[in-house]
Each structure stands twice: as C-alpha cells, then as structure tokens.
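Reader: I am new to this structure and would like to know what stands behind the terms used for it. Could we go through them one by one?

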Amino acid sequence: MSPWQADKYSVLLPTYNERENLPLIVWLLVKYFGESGYNYEIIVIDDGSPDGTLEIAEQLQKIYGEDKILLRPREKKLGLGTAYIHGIKHATGNFIFIMDADLSHHPKFIPEFIEKQKEGNYDLVSGTRYQGNGGVYGWDLRRKLISRGANFLTQVLLRPGASDLTGSFRLYKKKVLESLVERCVSKGYVFQMEMIVRARQLNYTIGEVPISFVDRVYGESKLGGNEIVSFVKGLLTLFATT
C-alpha cells in the first residue's frame, strides 16, 4: 500500500437552510473522491435548519451509506468555529477539508488540493481567488469591492503570507486544524482570516491552489451590513493582538 492510500479525508459541511444545494454538493464530492481514489467521509453538521436540510441529509445517507455520510446535527445555529470543533470530534480522517455547502466551492478542485499538500507536505492548503487562474463569478461590483477591499486591508495590516484570507475552502492536517480552532476567538467571516493569521504565528506551512468561486446557486447570500461591520472590527482586533 502506498503512503497516500493510508490517508483519509474528512469533509466538514456546516449547513443552514441548504436543502436544495446539499444533494448536489454531496453527489459532486462522491464523484470526485471516487474518481481520484482517495479515502473519504462527509460530515454534515446541520444547525437546526427550518427548511428540512437534515431530512435531505438522512436520505443522502441511505443512498451513499453511513460510512461515507455522517450526520452530526446541532439544535440551533451556533456559529462556524464551534461547527468545526464539533465536526473534528467526529472525524476519523487524518486530513480535513472545510468548504461551503452552497456550491460556491466546486469539489472538482479537491484532487488539486491533495496534490498540492503532498507536493510540499503543507500543514494547510488554502483555495485562493486572487492568484493564477482563480476568480469570482456571479458577484456584483459591490461584493467584489468588499471582498477585494477586505483582502487588501488584511494584507496591509497583518502580512499573513497567503493571498486569500477570507475564503473558506481549505485542506488541513487534522492536528493543525485542532490547534488553530482552539486558539481562534473570532466569529463569522473574520474566523477564516484569523485561522490563517494564527497559522502564520505558529509557523505552519501554507500552500495555495487557485479556485473559481461561484456565488451561491440556491438560497440567499448571508453577507449583510452587520457582517461587514463585524469583519472590520475583527480585523482591527487581530491587528492589535497579533
């Protein structure tokens, strides 16, 4: 058995009102993992979605099997950081993917993440919209300006050593993710940024893979004015404390 065959990849999918997207993202994950031959499991962490996301997840579990689809629901919306902590506890893989369940992150990039990680034995590999042939599709000018502005501010203030701080399509060594999540104090969109900043502080190695980000296919975007204000506050807090 070659060393990479011993590796297992746990995909954490935090969900809230994703009943239309979940069957598609799971099908694509199964397809690309199946074609590349890597061992995997998909952990769905639903935060009490009122739209019946959990019922859809239960049907998917029957289709693909309990060894591939694990359901670890919570009673209510408790935030992204705690969803990852919850998911890590149940993950049996030695590597962990985090990604959005709303199809903005395409599973076709997963083999590239794995190859990049092996290439440099990186502690984490981050998908980037701002390098190589990466990009954003389906956003209006306002969203693009907010994203670019947030990224630029972060680069200037924190010098993080990665080109895309606010993205949430990443591959971590499990132990690395555990140590980072324990240290992170941010909520919402700042959480992903803090993960990279803390990784740099702890001298973890970071690889990057260009990805195309597509705005969510079904449902409403969760980026509002409050998130933008909390992002700036969080950024300034990180600047003052790191």
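Predicted model: local features only at pLDDT ≥ 70, side-chain atom pairs only at ≥ 80, totals over all residues.

Reader: What makes D47 and R74 a salt bridge?

Author: The closest N and O atoms of D47 and R74 are 2.8 Å apart. A salt bridge needs a side-chain nitrogen of Lys or Arg within 4 Å of a carboxyl oxygen of Asp or Glu, and the pair of D47 and R74 meets that.

Reader: Where in the chain are D47 and R74?

Author: D47 is in the loop between β2 and α2, and R74 is in the loop between β3 and α3. They are 27 residues apart, and the pair links distant parts of the chain.

Reader: Is D47 buried or exposed, and how do you know?

Author: The relative accessible area of D47 is 6%. Buried means under 20%, so D47 is buried.

Reader: How many salt bridges does a search of the whole structure find?

Author: Seven. One of them joins K118 and D7, with 2.9 Å between the closest N and O atoms.

Reader: What parts does the pair of K118 and D7 tie together?

Author: K118 belongs to helix α4, and D7 to the segment before β1, so the pair ties together parts that are 111 residues apart in sequence.

Reader: Why does K118 count as partly exposed?

Author: K118 has 32% relative accessibility. D7, at 14%, counts as buried.

Reader: What makes E41 and K8 a salt bridge?

Author: Their side chains meet at 3.5 Å, N to O, and the limit is 4 Å. E41 lies in strand β2 and K8 in strand β1, so this pair ties together parts 33 residues apart in sequence. Both E41 and K8 are buried.

Reader: At what angle do helix α1 and helix α2 pack?

Author: The angle between α1 (residues 22-36) and α2 (residues 53-64) is about 30 degrees, and their axes are 10 Å apart. Angles under 35 degrees count as roughly parallel, so α1 is called roughly parallel to α2. The crossing of α1 and α2 is right-handed.

Reader: Which residues of α1 and α2 make the contact?

Author: On α1 they are L22, P23, V26, W27 and V30, and on α2 they are T53, I56, A57, L60 and Y64. By class, nine are nonpolar, one is polar and none is charged.

Reader: What is the phi of N17?

Author: The phi of N17 is about 55 degrees, a positive value although N17 is not a glycine. Most residues other than glycine have a negative phi. N17 is found in the loop between β1 and α1, and its relative accessible area of 30% makes it partly exposed.

Reader: And what is the phi of L103?

Author: Phi of L103 is near 75 degrees, again positive in a residue other than glycine. L103 lies in the loop between β4 and α4. Its relative accessibility is 14%, and the cut-off is 20%, so L103 counts as buried.

Key: Residues numbered from 1 in each chain as written. Heavy atoms only, no water. Axes fitted to C-alpha atoms, helices over the stretch in contact; angles between N-to-C directions. Helix = DSSP H or I, 4+ residues; strand = E, 2+ residues; numbered from the N terminus. Parallel < 35°, antiparallel > 145°, perpendicular 65-115°, else oblique. Left-handed = near helix turned anticlockwise from the far one by under 90°. Contact = heavy atoms within 4.5 Å. Nonpolar A, V, L, I, M, F, W, Y, C, P; charged D, E, K, R; others polar. Buried < 20%, exposed > 50% of the residue type's maximum accessible area, 1.4 Å probe, protein only.
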